[in-house]
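Me: Hello! I am new to this structure and would like to walk through it with you. Could you show it to me?

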Amino acid sequence: MQGQLFSQDFLLRGIRETPPFEALTNTDFAAFHSALQSIFQGLASDAALNEAQTEQLIIEKTLVALGWREDYLPQV
């Protein structure tokens, strides 16, 4: 998939220094990893999703997996 929401440096190093990551247990991580696998399972690596599709198919589901059920607003 094209486009990037976060820099590679943040995803590889910086995120590990955030309080939520530091508080993450192995059990929590395993559940989140499983949810991400389910979200991405049906998407091809070269999928050409537009913003609305990306938000609906990936972002919303990922936020729910992180526990953000009603803590976000979709784009208009």
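Reply: Happy to! One term comes before anything else: pLDDT is the predictor's confidence in each residue, from 0 to 100. This is a predicted model, where local features need pLDDT of at least 70, side-chain atom pairs count only at pLDDT 80 or more, and totals for chains, interfaces and linings use all residues. Residues are numbered from 1 along each chain as its sequence is written, and side-chain values use heavy atoms, leaving out hydrogens and water.

Me: What pLDDT does the protein chain average?
Reply: In the protein chain, 87% of the residues score at least 70. Where pLDDT is low, the predicted coordinates should not be read in detail. The average for the protein chain is 83.

Me: How many helices and strands are there in the protein chain?
Reply: Helices (H or I, at least four residues) and strands (E, at least two) are DSSP runs, numbered from the N terminus. From that end, the elements run α-α-α-α. The count is therefore four helices and zero strands.

Me: In which helix is confidence highest?
Reply: Confidence is lowest in helix α1 (residues 8–12), at a mean of 82. At the other end of the scale, with a mean of 94, is α3.

Me: Is Leu36 buried or exposed, or partly exposed?
Reply: Leu36 sits in helix α3 (residues 26–41). Buried means under 20% relative accessible area, exposed over 50%, and partly exposed in between (1.4 Å probe, protein chains only). Leu36 has 23% relative accessibility, so this residue counts as partly exposed.

Me: How far apart are the C-alpha atoms of Leu36 and Lys61?
Reply: Along the chain, Leu36 and Lys61 are 25 residues apart.

Me: Which helix do the buried residues of α4 pack against?
Reply: The buried residues of α4 are Glu55, Ile58, Thr62 and Leu63. Packing is judged by contact, meaning heavy atoms within 4.5 Å. The partner of these buried residues is α3.

Me: Which residue with a positive phi follows α4?
Reply: The phi in question is near 95°. The residue is Gly67.
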